Amino acid sequence: MNVLGQLGVAVAGLVLAGVLLFLNFWRALLYLFPHTVRVEPEAPADQMDLPESLGPLAGQLQALGFTPLGSHEEKPLLQKATRSYDWAHPGERVFATLHEGSDLLPRLYLLTPLASGGFVVTASYRRPALDVPGYRSGSLEDAAPERLLRAHVRRLEGLEPAGPEGFTWEGRVQAARAWYQGLGRKEIRRQNLQGLLWTAIALAIVASAFLGRRAG
């Protein structure tokens with residue numbers, strides 16, 4: 001292969017590596033350092049700027065007895081913050097959180113902190129199923145809030161939820177921080193393993209391009 005051909009192959013490889021890194025490097029960081037996600041309160045209940053797409057689900061939550069708490073933001077390294085809108089049902093000891101997915105479709109999940117420090121999470125969209133001591137996570141795709149709540153309460157059987165006094169806006173933010181720093185790490189790593197692998201491939205392409213030039 002002539003010099004121009006070799007240069008073309010090297011440039012194409014570096015462009016591919018750049019695209020892979022752009023799409024996946026932040027996921028690799030999230031896999032390696034899930035505790036670095038910053039969780040901050042954003043606005044109290046009376047100031048929540050709820051997107052129009054989430055309005056119908058918000059109405060159904062309130063009809064089920066959930067009370068709006070406020071919104072919070074979650075920001076991984078190298079990414080924009082995502083905003084979530086939180087409700088609580090102290091009687092059932094359940095938090096409900098609404099947010100828009102990357103496809104801008106509404107998403108809902110229910111979360112209950114346990115007295116032991118663990119969590120139970122049930123989502124209305126696809127989510128990894130985990131059942132380990134102190135942590136249960138799963139999904140019931142496209143389920144209405146009422147059905148999702150029934151399923152979530154059933155999954156709490158045999159477990160001791162945290163006390164009802166913790167189901168506040170401050171309690172919700174603290175639960176999110178604890179999730180990222182503790183038992184949520186396994187789920188995060190399962191979700192972002194592919195990003196880590198693509199990042200490794202991209203770095204290998206870059207390394208081979210430079211090593212190939214040195215060898216030449």
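Guide: Let's start with a cut-off: a residue counts as exposed when its relative accessible area is over 50%, and as buried when that value is under 20%. Bear in mind that this is a predicted model.

Visitor: Fine. What makes L78 exposed or buried, then?

Guide: L78 has a relative accessible area of 57%. You'll find L78 in the loop between β2 (67-75) and β3.

Visitor: And which residues does L78 contact, leaving aside its neighbours within four places in sequence?

Guide: On those terms, L78 is in contact with F25, W26 and L29. Take W26, which lies in helix α1: L78 and W26 are 52 residues apart along the chain, yet 5.9 Å separate their C-alpha atoms.

Visitor: Why does W26 count as buried?

Guide: Its relative accessibility is 17%. Buried means under 20%, so W26 gets that label. Not counting residues up to four places away in sequence, W26 touches P76, L77, L78 and Q79.

Visitor: Where is R93, and what makes it partly exposed?

Guide: R93 sits in the loop between β3 and β4. Its relative accessible area is 28%. That falls between the 20% and 50% limits, so R93 is partly exposed.

Visitor: On to α4. How do you know that its length fits its number of residues?

Guide: α4 has 13 residues, and at 1.5 Å a residue the helix should span 18 Å. The expected span uses one less than the number of residues. The end C-alpha atoms of α4 are 19 Å apart, so the two values agree. Its buried residues include W169, V173, W179 and Y180.

Visitor: How is the chain divided into domains?

Guide: There's domain 1 (3-30 + 196-212) and domain 2 (38-181). Four residues from domain 1 and four residues from domain 2 take part in the contact between them. Taken over C-alpha atoms, the domain centres are 38 Å apart.

Visitor: Why do you say that the largest pocket lies between the domains?

Guide: Because domain 1 and domain 2 both give residues to its lining. That lining has 34 residues, and T82, H99, R107, Y180 and Q191 lie nearest the centre of the pocket. Among the elements that each supply at least two lining residues are α1 (3-32), α4 (169-181) and α5 (185-215).

Visitor: What is the volume of the largest pocket, and which classes of residue line it?

Guide: The volume is about 1,200 Å³. By class, the lining has 17 nonpolar, eight polar and nine charged residues.

Methods: Residues are numbered from 1 along each chain as its sequence is written. This is a predicted model: local features need pLDDT of at least 70, side-chain atom pairs count only at pLDDT 80 or more; totals for chains, interfaces and linings use all residues. Side-chain values use heavy atoms; hydrogens and water are left out. On a 1 Å grid over the protein atoms alone, a cavity is a set of points where a 1.4 Å probe fits but cannot get out, and a pocket is an open set with protein on both sides within 12 Å along at least five of seven lines; lining residues have an atom within 4 Å of a point. Grid points are joined across faces, edges and corners, and a volume is the space filled by probe spheres set on the points. Helices (H or I, at least four residues) and strands (E, at least two) are DSSP runs, numbered from the N terminus. Ala, Val, Leu, Ile, Met, Phe, Trp, Tyr, Cys and Pro count as nonpolar, Asp, Glu, Lys and Arg as charged, and the others, Gly among them, as polar. Domain bounds come from an automatic or database domain assignment. Buried means under 20% relative accessible area, exposed over 50%, partly exposed in between (1.4 Å probe, protein chains only). Contact means heavy atoms within 4.5 Å.
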